[in-house]
Amino acid sequence: MQSPEKLLWIPFLAFFLFFTPDMITYGQWQWKANQLTDFAVERMAASGGWTATVEEEVSSKMKQMGFDKDKWIIYRTDGVVKAPGNVQFQISSKYHLRAFSILGEKMHKAMGDSTVLTVLANQQKSSQIY
């Protein structure tokens with residue numbers, strides 16, 4: 001391999017080295033959000049909607065999984081839903097990239113605050129209560 005070809009690989013490899021931790025962290029939050037929506041919609045379907053018991057269980061699960069309620073937007077089907085109705089639970093947030101902080105505070109403020117990824121999980125299921 002020639003030297004100019006090696007030089008072309010440096011930015012390509014640097015990109016992956018800088019952004020790999022952000023990709024992993026983003027994937028973890030996406031995974032957790034999907035697990036939470038699966039849990040919430042299963043509980044809602046079994047209980048016939050959003051009840052006080054389901055709210056307590058979901059809040060407990062969120063706390064256990066490390067979710068901060070102030071940073072997440074939650075949309076859910078309110079009240080009791082009888083079959084054949086559907087219950088829905090959706091959670092979303094913004095993930096700010098931290099890789100730009102390696103290049104200095106100015107770069108982090110310029111690029112890191114404006115470069116965001118959306119973490120979104122949505123689940124819907126039929127109510128099991130008649």
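In this predicted model, Gln 30 touches Thr 118, Val 119, Leu 120 and Ala 121, with residues up to four places away in sequence left out of the count. Gln 30 belongs to helix α1. A polar atom of the Gln 30 side chain lies 2.6 Å from the backbone oxygen of Leu 120. With a relative accessible area of 18%, Gln 30 falls under the 20% limit and is therefore classed as buried.

Ser 93, in strand β2, is also in contact with Thr 118 and Val 119; its other contacts, apart from neighbours within four places in sequence, are Lys 71, Trp 72 and Leu 117. The side chain of Ser 93 reaches the backbone oxygen of Lys 71 at 2.8 Å. The relative accessible area of Ser 93 is 12%, so this residue is buried.

Leu 8 lies in helix α1, but its relative accessibility is 65%, so Leu 8 counts as exposed. The C-alpha atoms of Leu 8 and Ser 126 are separated by 53 Å, and the two residues are 118 apart along the chain.

The accessibility values are set out below.

| Residue | Relative accessible area | Class |
|---|---|---|
| Gln 30 | 18% | buried |
| Ser 93 | 12% | buried |
| Leu 8 | 65% | exposed |

The largest nonpolar core has 24 residues, and those with the most contacts inside it are Leu 36, Val 58, Phe 67, Phe 89 and Ile 91. At least two residues of this core come from each of α1 (3-47), α2 (52-65), β2 (86-96) and β3 (116-126). Helix α1 gives the most, with seven residues. Beyond its neighbours within four places in sequence, Leu 36 is in contact with Val 58, Phe 67, Phe 89 and Ile 91, as well as with Lys 61, Met 62 and Met 65.

The largest pocket holds about 290 Å³ of space. Its lining consists of Trp 29, Gly 66, Phe 67, Asp 68, Lys 71, Trp 72, Ser 93, Lys 94, Tyr 95, His 96, Arg 98 and Val 119. Strand β2 supplies the largest share of this lining, four residues. By class, the lining has five nonpolar, three polar and four charged residues.

Methods
Residues numbered from 1 in each chain as written. Predicted model: local features only at pLDDT ≥ 70, side-chain atom pairs only at ≥ 80, totals over all residues. Heavy atoms only, no water. Core = buried A, V, L, I, M, F, W, Y, C linked by side-chain atoms within 4.5 Å. Buried < 20%, exposed > 50% of the residue type's maximum accessible area, 1.4 Å probe, protein only. Contact = heavy atoms within 4.5 Å. Polar contact = N/O pair within 3.5 Å; in protein donor to acceptor, adjacent residues only side chain to side chain. 1 Å grid on protein atoms, 1.4 Å probe; cavity = no way out; pocket = protein on both sides within 12 Å on 5 of 7 lines; lining within 4 Å. Points joined across faces, edges and corners; volume = space filled by probe spheres on them. Nonpolar A, V, L, I, M, F, W, Y, C, P; charged D, E, K, R; others polar.
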